Amino acid sequence: MYGNGVKTRPTKCVASVEEIDYDHKQLVSLINQVVTASQDHLAENIVPNILDELIDYTKYHLRREEKLMEEYEYPERVKHAAQHVKFIDKINGFHTEYESKRKMKNEVVFDFLRCWLIKHISNTDQDLGAFIKAKRSNPDSH
Ligand SMILES: [Fe+2]
Ligand SMILES: [Fe+2]
């Protein structure tokens, strides 16, 4: 069962920056779609498709955050982006493993991705969100 069948609550994902919050909501929605689809015995072909969409959207979102960090000269951007890079490497590693063995446990990929995203969104991204929010409301303060 994907994510032990437990859905993620979006309440901890608010970073108070419109475009980041929008992406996080999309990501949580996709995570929950995977959980729902995996509970449906007809979902064999659906889950891998949603998982691919989730991976693509995650990559898009991380790039978007990295651009914002550059734009706002976020002091922690190197450290923050390094977490993104490590995550992408791991996801690409899963893909390589899948390509070479032609078998891959989607549950393993999903559980890693879900845990990483929720932890990252509710910790590391909170600091980034607070920084950008402060800078937008008072551009001369930094
Ligand atoms: Fe994020
Ligand atoms: Fe991030």
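Where is the place of N4? N4 sits in the segment before α1, which covers residues 18-39. Helices here are DSSP runs of H or I with at least four residues, strands are runs of E with at least two, and both are numbered from the N terminus.

Before I go on, the conventions. This is a predicted model, so local features need pLDDT of at least 70 and side-chain atom pairs count only at pLDDT 80 or more, while totals for chains, interfaces and linings use all residues. Residues are numbered from 1 along each chain as its sequence is written, and chains are lettered from A and ligands numbered from 1 in the order in which they are written.

Back to N4. Its phi is positive, about 55°, and N4 is not a glycine. Most residues other than glycine have a negative phi. N4 is exposed because 8 other C-beta atoms lie within 10 Å. The cut-offs are these: 20 or more other C-beta atoms within 10 Å of a residue's own is buried, 12 or fewer is exposed, in between is partly exposed, and C-beta atoms are placed from the backbone.

E73 also has a positive phi, near 50°, and is a residue other than glycine. E73 is in the loop between α2 and α3, the latter being 77-101. With 10 other C-beta atoms within 10 Å, E73 is exposed.

Next, the helices. R64 belongs to α2, residues 46-71, and is partly exposed because it has 14 other C-beta atoms within 10 Å. Which residues does R64 touch, leaving out those up to four places away in sequence? They are E19 and D23, where contact means C-beta atoms, placed from the backbone, within 7 Å. R64 and D23 are 41 residues apart along the chain, and their C-alpha atoms are separated by 9.3 Å.

F87 lies in α3 and counts as partly exposed, because it has 18 C-beta neighbours inside 10 Å. From F87 to L113, 26 residues apart along the chain, the C-alpha separation is 8.4 Å.

Last, the cores. A nonpolar core is a set of buried Ala, Val, Leu, Ile, Met, Phe, Trp, Tyr and Cys residues joined through C-beta atoms within 7 Å. The largest has 17 residues, and I31, V34, L51 and L54 have the most contacts inside it. At least two residues of this core come from each of α1, α2 and α4 (106-122). Apart from this core lies another, of eight residues, including A15, V17, I20 and M69. As for L51, not counting residues up to four places away in sequence, L51 touches V34, N106, V109 and F110.

Conventions
Contact = placed C-beta atoms within 7 Å.
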